[in-house]
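Subject: Structure for your study

Dear colleague,

Please find below the structure that I am handing over to you.

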Amino acid sequence: MSSSLILLNEINATSGATANITFSDTSFDVYFLQFNDVRCDTDDKDLNFRFTSSGTADDSANYEYAVYELRADSTHVNRGATGQTSLPVNISGQGTGTGEACNGNIFAFNFNNTGEFSHVTMEITMFDFVERIFGWQGGGALKAVGARNGFEFFWESSANFTSGNFKIYGLNKTN
Amino acid sequence: MSSLQFVKQVENTSGRITSLSITNCFPDIYKVFMVHCLANTYSDLARQVDVRLIDNSGSVISDSEYTYARLQLRSNATYNEVNSTSDTNWDRPFCTNDNDPDPATGILYLFNPASSSKFTYCLAQGVSMNGSGSVRGAKFVGVHKSAETITGLQIFNSDNAMDSGTKLTIFGVK
């Protein structure tokens, strides 16, 4: 039996205000993005992302999300918004202290189906700037049709990456 | 080559147990691991299944270095939260092994356990029953807030409530 989780691309962000990861194989219905040890050079900054089309981030105000925020310091929160220009990975600022980082899994749907909106599910685990654990479980969409070929991650206020490993996989549907 | 690669499995074949450990299972050629847990129930002893990590010397870490946030989903009641900023284990990422034949099961992702300089993060979802046939689910995030190399993982409960067939399986995400 052949492999069903196919690594398509990997990047390591060490600097710069954006981290872009794209794929060229458009044969998959489902893509899986996994990232770990994503860190910022400035305390208390949120991490966001957009979908890319032909390598260029779509910053139209057509993003919408609904997520459940798990947190250890207080009651969990339902989060959501419409008409956004990006999707959030977290909403409490990322930290720069020892060990503080953001990690997660994102499944992407309909990126090659130009007749349907593009969707993602998100599972995030992170420490914020005062070492509070936050989790993010939910979904988002770009409410506009078109082909997508990846993701652009960026920090609030154009802060810069200091680390971050991003891998994108395709889920193979043939034997 | 597959990007989801089997690393190791342990299975309890000796009857009732209180803990099951899997060791030397996080080689540093991987940054992220996927853990499958099946905690079978001994008879009708319903006990919660908790998780601890194992350090570089093979010792189970029971210091107050675990933080987590957990949502318990309940089919017959409102959902509830269990959180801690300082605990000696992760509380029920796989839920509770319940009245036989209702095991605690789930998938847990570990981020960067092999690194000596990073905290180890986890994401998990679990499912089991509540002792009267109602489903319990868990959505779980956690951090082991000590920068050290993690070499293994232990599930544990009380009263020897896990039975033969309990197993842990580790995959590396390449």
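**Contacts and overall form of chain B**

Of the contacts in chain B between residues at least 6 apart in sequence, 74% join residues at least 24 apart. Please keep in mind throughout that this is a predicted model.

The C-alpha atoms of chain B fill a box of roughly 45 × 35 × 35 Å along the principal axes. A compact globule of 174 residues would have a radius of gyration near 16 Å, and the 15 Å of chain B agrees with this. Of these 174 residues, 49% count as buried.

**The sheets of chain B**

In what order do the 8 strands of the open sheet in chain B lie? The order is 1-13-3-9-10-11-6-7, and the pairing is antiparallel. Strand 1 (4-11) and strand 7 of chain B stand at the edges with a single partner strand each, so one side of each has no neighbour in the sheet. From one strand to the next, the twist averages 15°. Within this sheet, strand 9 and strand 10 of chain B pair in the antiparallel sense over 7 bridges. B:I107 has B:Q125 in strand 10 of chain B as its bridge partner.

Strand 2 of chain B is joined to strand 12 (residues 150-156) of chain B by 4 bridges, and the two run antiparallel. Here B:L20 stands opposite B:I155 in strand 12 of chain B.

**Strand 11 of chain A**

Is strand 11 (residues 133-142) of chain A mostly covered or mostly uncovered? This strand is mostly covered, with 8 of its 10 residues buried. Strand 6 (residues 63-71) of chain A runs antiparallel to strand 11 of chain A and is joined to it by 9 bridges; A:E64 has A:A141 as its bridge partner. Strand 10 (residues 118-127) of chain A is also antiparallel to strand 11 of chain A, through 10 bridges, and A:E123 is partnered there with A:Q137. Strands 10 and 11 of chain A form a hairpin with 5 residues between them, and A:E131 in the turn has a positive phi of about 55°.

**Where the two chains meet**

In all, 30 residues of chain B are in contact with 28 residues of chain A. On the chain B side, the elements that give two or more residues are strand 6 (66-74), strand 7 (80-87), strand 9 (104-111), strand 10 (120-129) and strand 11 (135-144) of chain B. By class, this side has 16 nonpolar, 8 polar and 6 charged residues.

**The nonpolar core**

Nonpolar side chains tend to be buried together in soluble globular proteins. In this model, the largest nonpolar core has 90 residues, of which A:L33, B:C37 and B:C122 touch the most other members. Leaving aside residues up to four places away in sequence, B:C122 touches A:T125 of chain A, and its contacts in chain B include B:W90, B:P93, B:L108 and B:V141.

Yours sincerely,

A colleague

Terms used:
Residues numbered from 1 in each chain as written. Chains lettered and ligands numbered in written order. Predicted model: local features only at pLDDT ≥ 70, side-chain atom pairs only at ≥ 80, totals over all residues. Contact = placed C-beta atoms within 7 Å. Nonpolar A, V, L, I, M, F, W, Y, C, P; charged D, E, K, R; others polar. Core = buried A, V, L, I, M, F, W, Y, C linked by C-beta atoms within 7 Å. Buried ≥ 20, exposed ≤ 12 C-beta atoms within 10 Å, placed from the backbone. Pairing = 2+ DSSP bridges. Axes fitted to C-alpha atoms, helices over the stretch in contact; angles between N-to-C directions. Rg over C-alpha atoms; globule rule 2.2 N^0.38 Å.
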